[in-house]
Amino acid sequence: MDFQSCVNIKKEWDIVGARQLGRDISKKIGFGTVDQARIATAISELARNIYLYAGTGKVCFEVIENLNEKGLRIIAIDEGPGIRDVTQVMEDGFSTSGGLGAGLPGVKRLMDEFDVISKYGEGTEVNVVKWLR
Amino acid sequence: MDFQSCVNIKKEWDIVGARQLGRDISKKIGFGTVDQARIATAISELARNIYLYAGTGKVCFEVIENLNEKGLRIIAIDEGPGIRDVTQVMEDGFSTSGGLGAGLPGVKRLMDEFDVISKYGEGTEVNVVKWLR
Amino acid sequence: MSTLKLDLESYKDLLKQYIESQDEQALYRAEQFSKHSIQQNISPDVIIDVHIQALMELYPNLPENVNNSMNFLLETMISYGLAYQEYQALREKQLELQSEISVAANMQQTLLSTTKPEMDGVDIGAISTPAKQMNGDYYHFVKDGEGSLGIAVADVIGKGVPAALCMSMIKYSMDSFPDNRMDPKLILEGMNRVVERNVDPSMFVTMFYGLYDTDTNDFNYSSAGHEPGFYYSAEEDTFYDIEAEGLVLGVDRSVTYTQYTQHMNPGDMVILLTDGVTECRTGDRFIEREEISDVIAQYKHLPAQDITEQVYHHFERLQDFQLRDDFTMIILRRNV
Amino acid sequence: MSTLKLDLESYKDLLKQYIESQDEQALYRAEQFSKHSIQQNISPDVIIDVHIQALMELYPNLPENVNNSMNFLLETMISYGLAYQEYQALREKQLELQSEISVAANMQQTLLSTTKPEMDGVDIGAISTPAKQMNGDYYHFVKDGEGSLGIAVADVIGKGVPAALCMSMIKYSMDSFPDNRMDPKLILEGMNRVVERNVDPSMFVTMFYGLYDTDTNDFNYSSAGHEPGFYYSAEEDTFYDIEAEGLVLGVDRSVTYTQYTQHMNPGDMVILLTDGVTECRTGDRFIEREEISDVIAQYKHLPAQDITEQVYHHFERLQDFQLRDDFTMIILRRNV
Ligand SMILES: [Mn+2]
Ligand SMILES: [Mn+2]
Ligand SMILES: [Mn+2]
Ligand SMILES: [Mn+2]
């Protein structure tokens with residue numbers, strides 16, 4: 001909880017940086033190859049959202065532990081325009097990107113826990129967790 | 001047109017035999033690996049339909065040629081109960097097998113040409129073609 | 001967890017069997033394996049992962065390049081796995097919607113059911129089949145106490161759920177007219193106001209209303225832009241178009257309709273239909289109206305109901321069993 | 001053909017880059033590549049094939065085992081490719097159906113629209129929000145020339161398309177009643193016959209009809225199994241349930257309804273609702289009826305329309321913005 005590493009997202013190249021850091025941490029925690037790839041894909045999605053819709057923001061990583069589990073928390077924060085209708089954005093298959101595994105519903109599927117707080121006009125925070133099994 | 005090789009379908013093992021013969025012929029004609037695999041999958045489907053619903057029947061292969069194309073024709077014939085409602089059987093995703101790439105719609109997708117003639121109570125003939133590209 | 005492990009084991013065995021013998025049986029089993037996996041909702045990226053693990057266990061000393069290449073493939077497949085899961089969710093939604101619509105279609109059938117009246121002096125046949133699950137065509141018989149028979153036929157422009165909803169409006173509005181004899185032009189004028197008030201301007205309804213008087217044997221009718229029917233003269237053994245001018249319902253609140261009269265001699269027939277009959281397609285051409293009257297002529301010795309059914313089967317077959325529009329046909333024949 | 005070749009080239013380049021450097025950038029590009037492929041409707045078995053070809057071109061001398069293993073994987077993926085294509089076809093159907101239903105929902109909104117009457121002596125508020133696209137709740141105001149106001153509220157058991165279709169029946173049948181003052185019990189008895197005749201027995205409709213007389217300030221009402229509303233007495237500052245016995249519509253053709261009368265004093269309110277209000281859920285418990293009257297009490301200083309909206313927003317939020325049932329609330333207040 002006390003240690004967070006963040007990657008600032010300003011240009012497309014930063015998406016790769018965020019993926020790299022996320023993958024390194026996942027590997028260290030002990031995630032297998034598929035999970036590493038899933039986490040990297042989720043990071044791509046979150047970071048690209050920031051890059052495309054908010055302009056700038058950051059993606060932060062945190063190793064978390066509870067009694068019998070270890071996991072990775074990823075927090076994507078921006079101060080962009082926010083999401084007007086979260087219910088709609090979370091709907092399957094009809095997102096702006098034309099669906100097909102993209103967007104926030106995809107991130108939700110890739111991870112174990114998912115939460116999004118968006119204030120229209122103030123920004124968005126997406127908070128996701130993947131547990132090590 | 002004058003040469004046909006057939007495999008009789010009586011037991012599950014014959015499905016493998018039909019696939020083998022179909023694959024050998026496809027390879028000889030010059031189909032690539034993916035197409036060979038697709039043809040084998042179509043044969044499985046046709047032969048399994050005979051095995052499951054008609055009891056016995058046969059799967060025949062024919063190398064066909066027209067002016068500028070070469071291809072493989074597969075004919076699956078049985079004298080089973082026939083299909084009561086072809087329109088319904090050809091509908092996607094809601095076949096008896098629960099959809100998901102199975103059944104005759106799958107065969108139609110795997111091949112280039114597809115035709116089915118079924119007389120309720122008299123039997124079914126499925127006639128499909130894959131062209132070499 | 002344990003079933004996945006089991007699957008990895010069987011995948012490994014099959015893979016090993018294939019690599020060693022390259023026989024078709026292993027490939028057939030592989031196909032069965034993947035079908036089974038699909039039924040278990042296992043996404044394709046998981047299959048790649050199982051493959052990688054099996055390969056590494058079977059050949060621990062493969063070149064590093066190969067391992068790396070497989071990881072790259074796995075990365076590529078993650079998005080496919082996502083798309084796969086998304087589709088599965090969609091499929092469930094689709095099934096739900098589908099069953100909702102089939103419930104609605106049943107309801108509609110109950111709603112639109114009209115009793116074909118038994119009357120001395122006339123023989124009546126009627127058929128109405130929707131192209132999709134729900135019907136956007138409507139027909140209805142009204143028999144008053146004074147020996148006259150009203151026949152309504154309507155077609156909503158459009159198909160499916162919206163057309164069906166609009167259709168139910170036509171039905172209830174028709175039900176609310178008093179049951180006693182009313183002139184076709186007045187009924188269409190009343191319906192025009194209902195449609196104009198309740199339906200948005202993008203939706204049109206065509207309607208035909210005919211009133212057959214068993215005393216005078218006159219068939220009085222008006223049409224609101226509806227597909228013309230046929231009049232069959234038994235004496236001349238000839239079919240004529242039933243032409244009638246009139247704007248479709250719902251366009252102009254104050255429109256009035258002209259009423260026409262056709263006297264019916266014994267053996268004469270009135271054939272009413274919707275454009276689902278006349279706009280049958282075979283291949284890429286529409287049929288001619290004459291083809292319909294030819295088919296009717298072919299069966300004209302039969303009872304009216306049988307004629308409608310024979311005509312329907314004829315055009316159903318002609319269209320490869322896929323109706324492109326709702327199909328409705330009504331035949332009224334004055335008995336000889 | 002040429003675009004596929006181009007793709008093979010770029011896949012090969014990316015694969016090579018990754019194998020040589022194992023850097024994240026190549027993996028990111030691989031992800032982009034696969035997203036792009038998904039958009040182009042390229043199925044996963046084709047990706048495996050491209051992978052095999054790229055691998056063979058890059059490393060022509062890989063062990064035979066590896067090649068065989070890849071062919072085995074390809075075989076396994078064929079069924080996934082089929083499932084993928086099937087899903088894509090389903091998705092198109094789904095989009096079509098979805099747009100059909102949204103057209104129907106718009107139509108329904110036009111159909112069900114009722115004008116909230118402006119009357120001296122009373123303040124009226126009404127809100128009705130469907131849980132899905134189409135509304136299975138119905139409300140309607142009827143104002144006659146003699147200073148009385150009729151309020152109908154109905155709820156079809158069931159949601160979605162079938163409920164909406166049934167709802168439109170209620171609407172048209174209500175429209176066909178004469179506009180002059182009619183007793184609530186007679187209206188419910190008439191509606192009961194309509195529903196019994198037209199709707200299949202598995203579908204139920206609950207309905208409440210109230211008639212407010214501005215001369216006597218009496219509120220006369222009858223209920224057909226409908227969710228009880230509230231009566232608010234201003235003098236006592238207390239909410240009471242509006243209890244009324246009566247069978248749901250459509251079960252028994254010959255049922256009769258009891259009519260009740262409640263005299264309204266200045267400031268008193270009648271609150272009518274459907275069970276979508278009372279059966280709100282938070283977490284895994286249903287709310288108590290008292291929670292509704294508490295929220296109404298909280299906003300009772302506001303105009304009736306504002307109260308309905310505030311109550312709606314309260315329970316919308318409480319349910320995480322996902323209504324489980326259609327939500328309808330009407331408030332009628334006698335002015336002070
Ligand atoms: Mn139509
Ligand atoms: Mn039509
Ligand atoms: Mn309801
Ligand atoms: Mn309800």
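Trainee: With which handedness does α1(A) pass α2(A)?
Mentor: In this predicted model, the helices concerned are α1, residues 12-29, and α2, residues 33-54, of chain A. The crossing in which α1(A) passes α2(A) is right-handed.

Trainee: Why are α1(A) and α2(A) described as roughly antiparallel?
Mentor: The axes of the two helices come within 9 Å and cross at roughly 150 degrees. Angles over 145 degrees count as roughly antiparallel. The relation of α1(A) to α2(A) is therefore roughly antiparallel.

Trainee: How many nonpolar residues does the contact of α1(A) with α2(A) have?
Mentor: On the α1(A) side, the contact includes A:Ile15, A:Ala18 and A:Gly22. On the α2(A) side, A:Ile39, A:Ala40, A:Ile43 and A:Tyr51 are among the residues that take part. By class, the contact has 5 charged residues, 5 polar residues and, as the number requested, 8 nonpolar residues.

Trainee: How far apart do the C-alpha centres of domain 1 and domain 2 of chain C lie?
Mentor: Chain C is divided into domain 1, residues 2-95, and domain 2, residues 112-334. The distance between the C-alpha centres of these domains of chain C is 59 Å.

Trainee: As by what kind of axis are the two copies, chain C and chain D, related?
Mentor: Chain C is superposed on chain D, with an RMSD of 0.2 Å, by a rotation of 179 degrees and a shift of 0.1 Å along its axis. The copies are thus related as by a two-fold rotation axis.

Trainee: What percentage of the interface residues of chain C are also interface residues in chain D?
Mentor: The copies meet through the same surface.

Notes: Residues numbered from 1 in each chain as written. Chains lettered and ligands numbered in written order. Predicted model: local features only at pLDDT ≥ 70, side-chain atom pairs only at ≥ 80, totals over all residues. Heavy atoms only, no water. Axes fitted to C-alpha atoms, helices over the stretch in contact; angles between N-to-C directions. Helix = DSSP H or I, 4+ residues; strand = E, 2+ residues; numbered from the N terminus. Parallel < 35°, antiparallel > 145°, perpendicular 65-115°, else oblique. Left-handed = near helix turned anticlockwise from the far one by under 90°. Contact = heavy atoms within 4.5 Å. Nonpolar A, V, L, I, M, F, W, Y, C, P; charged D, E, K, R; others polar. Domains from an automatic or database assignment. Least-squares fit on C-alpha atoms with pLDDT ≥ 70 in both.
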